[in-house]
Amino acid sequence: MTAPSSSITPRKGGRWIEQWDPEDEVFWKETGERVARRNLAFSVLSEHIGFSIWTLWSVMVLFMGPEYGLTPADKFFIISMATLVGAIVRVPYTFAVARFGGRNWTIIAASMLLVPTIAAFVVMEPGTSFGTFLVCAMLAGVGGGNFASSMTNINSFFPLRKKGWALGLNAGGGNIGVPVVQLVGLAVIGASGGPRLLLGIYIPLIVVAAVLGALYMDNITSVRNDTGAAREAVKDPHTWIMSLLYVGTFGSFIGYSFAFGLVLQTQFGRTPLESAYVTFIGPLLGSLIRPVGGWLADTYGGARITLWNFVGMGAATAVIVVASMEESLALFTTAFIVLFVLTGLGNGSTYKMIPGIFQAKAAALGLTGEEAASYGRRLSGASMGLIGAVGAVGGLGINLAFRQSFLSVGSGTGAFVGFLAFYAVCFALTWAVYLRRPATAEAPVATTSEAKAQLSYAEV
């Protein structure tokens, strides 16, 4: 039996946990849960501020009136580049946890948020070139990387039976950074304050997050930089299947979060203040419900929840298309908020599927006990960064689709029709890969362990 203590010992570079076996129920009850929850709390704080900085320019563009000389297409391109960089940096951020330690990388990642915030503070005024704004928005993309490192880190702390809840809470708390920065922006706009006031609020908060991470978080010694796991994750088809599903859920969430206010301004002629009054509602509800998606996945199976969630997303998108064509602001806004809620629910259920899939593969290989759990943690941790990165690229696709739709037809209707078709593809893929039972005629082709793994995917 694993020693009933976490054996946290000082080392050069920070606090390190020498022994960590969350699947051991005695260890988990006596020591593990307390330590894991503490790390979760401060991971959420850092990731929360990271999301706020990443989506900062969704608020900045609301401040940028005619005096800034930017067209709606320019603004969509600015937020698209922030989304792109946030997606790309998720890959190295994932493996940084194993290289530097979860606590140590949290300190570094939080501190790096000062760069885009201070840069925006310096240049945010009329007369600044489009290129300068673009560079500052791209710098803000580092905030998107915090999600990948945070999720990889927390995945190592919790047992499989708790991962849906823990990962959902971690991601949901981080996602709330989107509506919070929009709410703060609303308050600043309502008080007739300038964008520098908003930026000035976040600079000390970034410092607080870095300091608290240093004081209260831990590194896990057993989490090592495993390039073999990364190579295996890249070669595994489930990594790319889940990436596509995550494009549908998280890609939608982050893409709509960036674009919602700008769509209201451009398509329905809302003022910055009128847009800000409703922009935050969808991201807020979508963030709050993400842990519920994880909990439902723990209870009923992530694939089942994800499947029916895509049905709901398709229905909400169809209503949005009708509202857009009828120019009904009330119906459009209501359906859009419902769609946000469903993206959050799907975010939780899809991410719960990842460790379950690799646990099923461990069973197919004949692994049991801690060996199977270690295999599942190793591959799921490596794949999470790739899946998170590809999912975030979906946000870029959404913003570029809106940009093209407004350039072509003057509204977002065309983009929403494309999104509806994509959700149908995600539904079909979820059913075909994770819920369709293998046909009897196919049974002789698969080994017993492979068939067992296939059948167990419905429970992930």
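The lining of the largest cavity in this predicted model comprises three nonpolar, seven polar and one charged residues (Ala, Val, Leu, Ile, Met, Phe, Trp, Tyr, Cys and Pro count as nonpolar, Asp, Glu, Lys and Arg as charged, and the others, Gly among them, as polar). A cavity is a set of points on a 1 Å grid over the protein atoms alone where a 1.4 Å probe fits but cannot get out, and lining residues have an atom within 4 Å of a point. The lining consists of Ser43, Ser46, Glu47, Val97, Gly102, Trp105, Thr106, Ala109, Asn146, Ser149 and Ser150. Two or more residues each come from α1 (25-54), α5 (102-112) and α8 (142-157), with α5 giving the most, four residues. Helices are DSSP runs (H or I, at least four residues), numbered from the N terminus. The largest cavity holds about 70 Å³ of space, a volume being the space filled by probe spheres set on the points, which are joined across faces, edges and corners.

Asn146 is found in helix α8 and counts as buried at 3% relative accessibility (under 20% relative accessible area, 1.4 Å probe, protein chains only). Beyond its neighbours within four places in sequence, Asn146 is in contact (heavy atoms within 4.5 Å) with Ser46, Glu47, Gly50, Tyr93, Ala109, Ala110 and Leu113.

Residues are numbered from 1 along each chain as its sequence is written. Local features need pLDDT of at least 70, side-chain atom pairs count only at pLDDT 80 or more, totals for chains, interfaces and linings use all residues, and side-chain values use heavy atoms, with hydrogens and water left out.

Conventions. On a 1 Å grid over the protein atoms alone, a cavity is a set of points where a 1.4 Å probe fits but cannot get out, and a pocket is an open set with protein on both sides within 12 Å along at least five of seven lines; lining residues have an atom within 4 Å of a point. Buried means under 20% relative accessible area, exposed over 50%, partly exposed in between (1.4 Å probe, protein chains only).
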